[in-house]
Amino acid sequence: MIHGHPQYAGYTFIGGRFTVEVFQQQSDRLTACQLMDIDGKQGFPAISRPAAFVNPIYRLTCLSEKGYSLHIYSDDALKGFKYDDPNG
C-alpha cells in the first residue's frame, strides 16, 4: 500500500530484506522517484512539511520470509493518506 506519514519520522530496519519505493506527488499524480533495497540493519530519518503527511510517500515490501522494522512518527501515522497504485 502506498501511503504517507507525518512531518518527522524515523525508520530502522533490524533484520530481513525489504524494498522501499518512494514516490513524489505532482498535482493529482504519483511518480516513482527512488527505489531502495535494504538488506540487514539500516536506519534513516525523514523530515517534511508540517501537517502534510507526505514524509515520505512510499510502499514497503518485505522480500524475505521474516522482516523486522521499527517506525517512529511525530503524529498519528493513521492520519496519513493512502494512495492508489499508479501502475494500476
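1. Ser-27 sits in the loop that joins strand 3 (17-26) to strand 4 (29-39), and in this predicted model the residue has a positive phi of about 55° although it is not a glycine. Most residues other than glycine have a negative phi. With a relative accessibility of 67%, Ser-27 counts as exposed, because the cut-off for that class is over 50%.

2. Ser-48 is buried, at a relative accessible area of 18%, since buried is taken to mean under 20%. Leaving aside residues up to four places away in sequence, Ser-48 touches Pro-6, Gln-7, Val-54 and Asn-55.

3. As for the overall fold, the chain has zero helices and eight strands, so that its elements, read from the N terminus, run β-β-β-β-β-β-β-β. The radius of gyration is 13 Å, close to the 12 Å that the globule rule gives for 88 residues, and the chain is therefore as compact as a globular protein of that length. Along the principal axes, the C-alpha atoms fill a box of roughly 35 × 30 × 20 Å.

4. Among contacts in the chain with a separation of 6 or more, 76% are between residues 24 or more positions apart. Buried residues make up 32% of the 88 residues, while the chain exposes about 5,700 Å², of which carbon and sulfur atoms supply 52%.

5. The aromatic side chains deserve a separate point, as the count comes to six aromatic pairs. One of them joins Tyr-11 and Phe-44, a tilted pair with 5.3 Å centre to centre and 35° between the planes. Because Tyr-11 lies in strand 2 (residues 8-15) and Phe-44 in strand 5, this pair ties together parts that are 33 residues apart in sequence. Tyr-11 is buried, at 3% relative accessibility, whereas Phe-44 is partly exposed, with a relative accessible area of 22%.

6. The rings of Phe-13 and Phe-18 also form a tilted pair, with their centres 5.0 Å apart and their planes at 55°. Both Phe-13 and Phe-18 are buried. Taken together, ring pairs link Tyr-11, Phe-13, Phe-18, Phe-44, Tyr-58 and Tyr-73 into a cluster.

Note on methods. Residues numbered from 1 in each chain as written. Predicted model: local features only at pLDDT ≥ 70, side-chain atom pairs only at ≥ 80, totals over all residues. Heavy atoms only, no water. Helix = DSSP H or I, 4+ residues; strand = E, 2+ residues; numbered from the N terminus. Rg over C-alpha atoms; globule rule 2.2 N^0.38 Å. Buried < 20%, exposed > 50% of the residue type's maximum accessible area, 1.4 Å probe, protein only. Contact = heavy atoms within 4.5 Å. Areas by Shrake-Rupley, 256 points an atom, 1.4 Å probe, with all protein chains shown as cover. Phe/Tyr/Trp six-rings, centres within 6.5 Å; stacked < 30°, edge-to-face > 60°.
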